[in-house]
Amino acid sequence: MGMIRASLTTETYDREYSNQALVRRIGVYFRPWWRRLLAITGVVTLLAIIDALVPILIARGVGLLANTTQDTDRIILLLVIAVISMRIFYWGANWARRVWTAMFIGDITLTMRKAAFNAVMNHDMSFFDQHQSGRIVSRITSDTDEFGRAAVLVTDIVTQLLTVIILLLYLLQINWRLTLLLIALAPVAFMIGKSFQNIARRITRHSQQAMAEVNVSIQEAVTGIGVAKNFRREQGIYDEFLAVNQQNYATNVKRGFVLAMLFPTLNFFSGAGTALILYYGGLSTYQAIITAGVWLLYMNSVDRFWFPMTNLSAFWSQFQSALSATERIFALMDAEPVVIQQANEPVQKLQGDIHFAHVDFRYGEKEQVLQDFNLHIRAGESVALVGHTGAGKSSIAKLVTRFYEFQRGSLLIDNRDIRTLDLRSYRRHLGIVSQMPFLFAGTVADNIRYAVPTLSDAQVEQIASQIGQGDWLETLPNGLQTDVGERGGRLSLGQRQLVVLARMLAQDPGIFILDEATASIDPFTESQIQAALGLILQNRTSIVIAHRLSTVKAADRILVLQRGRIIEEGSHDQLIAKSGHYAELYNTYFRHQSLEYINARNSKVLLAPVEP
């Protein structure tokens, strides 16, 4: 697990968007659900009308009671029934509004999350090399949730706006002079709310970054728990998590402090505004400009006016959490690709002819890996790549798979520029096995049919049986229905390799790329793996980053790489006869795997004298 993060991390692909740009882009996600939004707005309008009519109805009823001495009981009863009926209708409409709003926000969040996940799936491999998966996950999950919660404000604000408009019209009828004073005070409330905007945006962004650090910490802890337990570092991991969590806590306290200051400030202003209107209204009453009854009615209505008014003023600062969340999501979506295709020509079938011509390649700004590199692999040829770490073996495979962009030269696949091929179509014809074979949660059968989901159980069993007559299946507790566990953790490394190789047989790729694992496995599994490789390598182009002597010898051609250049090539016997770099590699890495070496070693053990 990494060191405790001293500061919050900003990703290289992060960018700042203007409020206008963010709002326009958010509108794209609202647009498909405009009918539901219209229905919510209609209900909100009714709620606003009811909310504004209740005090008006009560005020008119009280005024009517004050001016009559007849039928007071009937008037009171009708007033009570009207208020109760309006409140029951308000409850039902508000319930419907809440349900529709939850569905509306859920649909928007789902759409945004799908778009973000789809964008991540289409990013280059270099993107995942540079950025931690925990932070990526945080943007897809936590930030979309944050947007969903804050987006509720969009529907709530309609209620507040309509309430303010209706109350203003009503207050104008009561007394236009006092209402003009009230309207003059309104911009001050908006200025107070807007003054919190920038700091709310900044502190919200920090809060989301801190949450991403917590996600990274949890992911690293869970992923590396085996190593942690091996070195008895559980307490250390817990202490690091506490530190990151404390950082998140401190950031959220700051955020809470900023947002908590907003409404008290606005309430203070509304109190000051009410006091000013109280003074001016009292003075007008004293001067007989208005009556005491009008003044009292107006002051009761003003109290109801300030609540939606302060909510409107605070909206933009509160909405910064949604804008900050969408800013991080859109930055993830808009990350510039490294691999850029010049065209998207479909690939029906691959013969497997691969031609590197004067290729230069490096990872980002790092040291050159391949320089003026030339290589021609003929269709159906099996090539083994050998060399010390950093020689460029994996880089060649990554360029063929189009996971990375080369800086100069050309790479032709079946005499077609790889930059003109449709990548989805092209990669369907590639079979790639990494050094640490990865299995998805599920059964062995599920993982074999991963590349071809339409395979039946009988077809999966037939494919698996091609490897050593299916003897390896007897080592699995439940055969093809054995649960592999997370990342295949319930299987041995050799068993995982066999499952992945069976997957490759099911896919039947035109080009096969294998980065062999270096871990020792038992002789039985070794023979099964070699049998599977024999089936896969037959009659198809293969690039093997070889760690086993048997695989090296089986290749049609061995390429010896050093610092991004091919310094030797040929068969095993030819290269050994040269006594060059390959012979040195053989003595270092492969010789102990040879039958001659094993027999000689066993002979020495047998002939060694036994001490009395």
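These legends describe close-up views of a predicted model. Local features need pLDDT of at least 70, side-chain atom pairs count only at pLDDT 80 or more, and totals for chains, interfaces and linings use all residues. Residues are numbered from 1 along each chain as its sequence is written, and side-chain values use heavy atoms, leaving out hydrogens and water.

**View A. Nonpolar surface patch.** Leu 161, Ile 165, Leu 169, Leu 172, Trp 176, Leu 180 and Ile 183 form a nonpolar surface patch of about 650 Å². The helix that gives the most is α5, with 4 residues; α5 (133-174) and α6 (176-195) each supply at least two. Ile 183 lies in α6 and is partly exposed because its relative accessibility is 40% (buried is under 20%, exposed over 50%, partly exposed in between; 1.4 Å probe, protein chains only).

**View B. Crossing of α1 and α11.** The axes of α1 (residues 19-30) and α11 (residues 320-333) come within 10 Å and cross at roughly 80°. The two helices are therefore roughly perpendicular (65 to 115 degrees). Contact (heavy atoms within 4.5 Å) involves Asn 19, Leu 22, Val 23, Arg 25, Ile 26 and Tyr 29 of α1 and Gln 320, Leu 323, Thr 326, Glu 327, Phe 330 and Met 333 of α11.

**View C. Asp 508.** In the loop between α16 (493-507) and β7 (511-515), Asp 508 has a positive phi near 55°. Asp 508 is exposed, at 51% relative accessible area.

**View D. Arg 563.** The loop between β9 (557-562) and β10 (565-570) holds Arg 563, a residue other than glycine with a positive phi of about 50°. Its relative accessible area is 76%, so Arg 563 counts as exposed.

Key: Patch = residues over 30% accessible without salt bridge, like charges linked within 9 Å, V, L, I, M, F, W, Y side chains within 5 Å. Areas by Shrake-Rupley, 256 points an atom, 1.4 Å probe, with all protein chains shown as cover. Salt bridge = Lys/Arg side-chain N within 4 Å of Asp/Glu carboxyl O. Axes fitted to C-alpha atoms, helices over the stretch in contact; angles between N-to-C directions. Parallel < 35°, antiparallel > 145°, perpendicular 65-115°, else oblique.
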